[in-house]
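Morning, everyone. Please have a look at the screen while I talk you through this one.

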Amino acid sequence: MIDFSRVQKELQDCEKDKDASNIRVCPKSDNLTRLTGTIPGPIGTPYEGGTFQIDITIPEGYPFEPPKMQFSTKVWHPNISSQSGAICLDVLKDQWSPALTLKTALVSIQALLSAPEPKDPQDAVVAEQYIKSYQVFVSTARYWTETFAKNSSIEEKVKRLVEMGFGDAQVRSAIESSGGDENMALEKLCSG
Amino acid sequence: MGDLLSGDDEDYYYSDQESLDGLDNEESCLQPLSSKANTAKVITKESLLAAQREDLRRVMELLSIKEHHARTLLIHYRWDVENLFAVLVEKGKDSLFSSAGLAVVENQRCGASSFSHSSVMSCDICIEDVPGNQMTRMDCGHCFCNTCWAGHFTVKINEGQSKRIRCMAHKCNSICDEDVVKTLVSKSQPHLAEKFDRFLLESYIEDNKMVKWCPSTPHCGSAIRVEDDELCEVECSCGFQFCFSCSSQAHSPCSCLMWELWKKKCQDESETVNWITVHTKPCPKCYKPVEKNGGCNLVTCICGQSFCWLCGGATGRDHTWSSIAGHSCGRYQEDKEKQMERAKRDLYRYMHYHNRYKAHIDSAKLEDKLSDTIREKVSISEKRQLQLKDFSWVTNGLHRLIRSRRVLSYSYPFAFYMFGEELFKDEMSSEEREIKQNLFEDQQQQLEANVEKLSKFLEEPFDQFADEKVMEIRIQIINLSVAVDTLCKKMYECIENDLLGSLQLGIHNIAPYRSKGIERASDFYSSRNSEEPVGELCQPSDCGTSGWTSGFDQALGSANSEETSCSSRKRPRKDGSYSNTQTSLLDLNLPAEVTERK
Ligand SMILES: [Zn+2]
Ligand SMILES: [Zn+2]
Ligand SMILES: [Zn+2]
Ligand SMILES: [Zn+2]
Ligand SMILES: [Zn+2]
Ligand SMILES: [Zn+2]
Ligand SMILES: [Zn+2]
C-alpha cells in the first residue's frame with residue numbers, strides 16, 4: 001500500500017544535495033516505514049552547533065497522509081515536547097500536502113527551531129519560560145543543545161584531544177567536568 | 001365562572017377576540033394546526049436532494065455557475081443564501097469565490113481537462129512520468145496524475161472531510177471539483193464515491209443552521225428546515241416535538257440552558273442520595289440506615305445499638321435533651337448540622353418544583369389520552385338531535401388545554417432556576433427576587449387554576465347532557481380556553497419583560513408562545529404542486545448530479561416561496577373577509593353575551 005517508490009526517490013533526492021542542505025534522511029528498517037532524519041540547529045539560535053535526530057514513521061496513506069515525525073534528540077523548545085519530542089507543526093497535521101516531502105517537512109521543522117510560536121505551544125512549561133523570561137529560556141535551550149544534541153561530537157572532541165597527546169580517560173573526565181566545552185577541557189588538561 | 005374572570009369577563013372576550021376566532025376556525029381535527037406562519041418543513045431522505053436544489057438553483061442562476069461550484073460556495077456559507085448574496089454585493093464576485101476556495105472562470109468548460117496520449121508529463125506527487133491522458137488539471141491549474149488524485153481523495157473521504165477536498169498542491173486553498181472527485185474515485189472504489197455523494201447531500205443538513213436532524217430516538221430519518229427564526233419549537237412528521245435551538249424535547253418557557261441543567265438535575269440521583277444522608281444515618285454497629293424520629297439526638301437502631309445522631313458515634317442509652325451520658329462531640333457537629341440543614345433546604349426546594357413539574361407532566365399524559373374519548377363524545381353528540389351542531393369548541397378547548405398544560409409544566413423548572421441561586425445569584429437583590437417571584441407565582445397560580453378547571457369541564461360527559469347543559473359547558477370551555485391562552489401569553493410577557501428583560505445574562509433562549517401549539521412541520525413537498533413527480537425522484541445513491549431530469553428541474557423551477565405561503569393561506573381563517581357560513585359558525589361559538597351585543 002505505501003508508495004515506496006516515492007520514498008525511495010525522496011531518499012535519492014536527499015542524498016544528492018545533502019552537503020548543500022545538511023539535511024539527511026536514512027532508513028532505520030529495510031521496508032522504509034521507519035526512517036531517521038537529521039537536521040543541524042539553525043545558526044544564530046540556541047540550537048546552533050547541535051545535530052538533531054528525528055524519528056520518522058511513514059503511514060499507510062503516505063504521501064496523502066503526513067509522515068509522523070518526532071524528535072529523538074531532547075530539545076528545549078515551546079513547540080516541541082521536552083518529554084516526548086512530539087512536534088506541534090501545521091504541515092505535519094492539517095496543512096500537510098502530498099506535494100510536500102520528507103525533506104521539506106524537515107526544513108519546516110528546522111524553520112520552527114528558528115522561529116518558535118509560544119502562543120501555540122506543545123510544551124506549556126517551555127512556552128511560559130519563553131514568554132516570561134526569555135534569557136533563561138535561551139540559556140536552558142543552549143544547555144540542552146550542548147548536553148543532548150552534541151553527544152555525537154563528544155567522540156570527535158575526545159579524538160582531537162587524544163591526538164594532542166592526552167590520555168583517553170583523562171580527556172573524557174575533563175570534557176565531562178567542563179560541560180562539553182572543548183576549550184575549557186583543554187585548559188584543564190594543560191593546567192592539571 | 002372562575003375567580004380570575006369574574007368582574008372583567010368582557011375584557012377577555014374583546015381583547016382576545018382574535019384568539020377566539022382562531023379557536024373556532026381551526027379545523028376540528030385533534031392535531032394542533034399550525035398558523036399561517038407555517039414555514040417549517042420536514043425533509044426526508046427522499047426530499048433532501050430537492051430541498052438542496054432549491055438553494056443551489058438560486059445561486060447557479062444568479063452567478064451563472066455550475067452546480068458543483070454553487071455547492072462549494074453554499075457549503076462554505078453554511079447554506080445561507082442571503083448571506084452569500086450579501087457578500088457578493090458587498091465584496092464582489094472574486095472575493096466571494098476566493099474565500100470559498102473556488103477558482104472559477106465564468107462559462108469556462110472547467111473540471112477535468114485532459115492532455116493527449118503522446119505527451120508525457122511528470123507528476124510532482126509520485127515523481128513519475130505519466131502519459132498526458134492520465135493527468136488531470138483542476139480549476140486552480142494544478143495538475144497531477146489520476147492515481148495520485150484518487151489516492152488523495154480516498155484519504156480525505158475516509159477522514160470524513162470529503163465535503164470540501166482541497167487541492168494537493170501545497171498552500172493551494174482551491175476546492176476540488178466534485179465531479180472529478182466522483183469520476184476518479186468511482187473507478188477503483190465505487191462505495192467511496194457513494195459515501196462522498198452522501199456527504200455532499202447531508203451537508204445540506206449538517207452545515208446548515210436552518211436545518212436540523214429530528215432528535216427522535218430511534219431516529220425517524222427526517223430533518224426539519226425552519227424559515228426565519230431558529231428560536232422555535234417544531235413537531236416532526238414522526239410526532240416528536242423538539243426545541244430547534246437545542247434539539248431536546250420542547251421545553252418552553254424554560255430556557256435551553258435551564259432545561260439542560262434541569263435534565264441533569266433530574267437524572268442525577270445525588271438528590272436522592274442527599275435525602276438519605278439528611279434523613280438517615282448508618283448504625284455504627286450493624287451499618288443499617290437508621291431514620292431519626294423526634295427531636296432527640298440519641299437514636300436507637302433495631303439491633304439495639306444507640307448512637308449520637310449528630311456525629312454518628314456509638315453511645316450509651318442514658319441521656320437528657322441536651323446531652324448523652326459520657327459523650328460529647330464538639331464543634332464539628334455544628335458545622336455538619338448547618339451543612340445538613342442547607343442540603344435539606346435545597347432538596348426541599350427542588351422537590352417542591354419537581355413535584356409540581358411532574359404532576360403537570362403526568363396530567364398532560366392523561367390529557368393526551370383524553371383526545372380519543374373526546375373524539376368519541378363529539379361524534380356521539382353530532383348524531384344527537386341537538387340545537388348545537390358544531391362541536392369544534394371541544395377539540396379546540398382540548399388543544400388549548402394541552403398547550404397551556406405544557407407551558408405550566410415547564411414553568412416550574414423555569415421558576416426553579418429563575419428564583420434560585422444557581423444562575424442569578426448576583427443578578428438580583430433578595431428583595432428584587434422576592435417581588436419578581438411573587439409576580440410570577442401569582443400568574444402561575446392563575447394559570448394553574450384555569451387549566452385545572454378547563455380540564456375538568458372537558459372531562460364532563462357532555463354527550464349525555466341536554467341542550468341547555470351542553471350550551472352551558474360550551475360557554476365555560478370557550479371562556480376558559482380564552483383565559484388560559486391569555487394567561488400563557490401574559491406569562492411569556494412577564495418572563496420577557498419583567499424577569500429576564502432586566503438581567504444582563506442574554507443567553508436564555510426561550511421559544512415564543514404560540515396559541516395554537518407547537519408548529520407541525522409540513523412535508524417538504526406539500527407546499528408545492530401535487531403533480532410534482534415525487535415518486536420519480538431518484539435516490540442519491542442511484543444517480544449523480546447528472547441524473548437529474550430536466551422535467552424535474554422545470555417542476556422545481558416554478559416552485560417558490562409564493563406558492564409555499566399560498567397553500568397555507570388556503571386554509572380557512574378569519575381574516576375579516578369571511579363567508580356567511582363561516583361567520584355564522586363563528587357566532588354560534590361565541591359566548592351568548594357577545595353574540596347578542598353584535
Ligand atoms: Zn491547486
Ligand atoms: Zn502521480
Ligand atoms: Zn422525526
Ligand atoms: Zn431548547
Ligand atoms: Zn444496628
Ligand atoms: Zn432521647
Ligand atoms: Zn456526637
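Let's start with a term. A salt bridge here is a side-chain nitrogen of Lys or Arg within 4 Å of a carboxyl oxygen of Asp or Glu. Keep in mind that this is a predicted model.

Now, which residues form a salt bridge with each other? B:Glu128 pairs with A:Lys9. Their closest N and O atoms are 2.9 Å apart. That is inside the cut-off of 4 Å, so the pair counts. Across the interface of chain A and chain B, the rule finds one salt bridge.

On chain A, the side that touches chain B has six nonpolar, four polar and five charged residues. There are polar contacts as well: five residue pairs across the interface.

Step back to the whole contact. Chain A puts in 15 residues and chain B puts in 13 residues. About 1,200 Å² is buried between the two chains. Carbon and sulfur atoms give 60% of that area.

Next, the metal. Which protein atoms are the donors of the zinc ion, ligand 1? They are SG of B:Cys140, ND1 of B:His142, SG of B:Cys167 and SG of B:Cys172. These donors lie 1.9 to 2.3 Å from the zinc ion. The angles among the four donor atoms run from 106 to 112°. That makes the site tetrahedral.

Along the chain, the donors follow the spacing C-x1-H-x24-C-x4-C. Take B:Cys140 and B:Cys167, which are 27 residues apart. B:Cys140 sits in the loop between strand 4 (135-137) and strand 5 (143-145) of chain B. B:Cys167 sits in the loop between helix 6 (146-159) and helix 7 (178-188) of chain B. This pair links distant parts of the chain.

Note on methods: Residues numbered from 1 in each chain as written. Chains lettered and ligands numbered in written order. Predicted model: local features only at pLDDT ≥ 70, side-chain atom pairs only at ≥ 80, totals over all residues. Heavy atoms only, no water. Contact = heavy atoms within 4.5 Å. Buried area = accessible area lost by both parts, 1.4 Å probe. Polar contact = N/O pair within 3.5 Å; in protein donor to acceptor, adjacent residues only side chain to side chain. Nonpolar A, V, L, I, M, F, W, Y, C, P; charged D, E, K, R; others polar. Donors = N, O, S within 2.8 Å, 3.2 Å for Na, K, Ca; no water. Tetrahedral: all angles 85-135°; square planar, octahedral: opposite > 155°, others 65-115°. Helix = DSSP H or I, 4+ residues; strand = E, 2+ residues; numbered from the N terminus.
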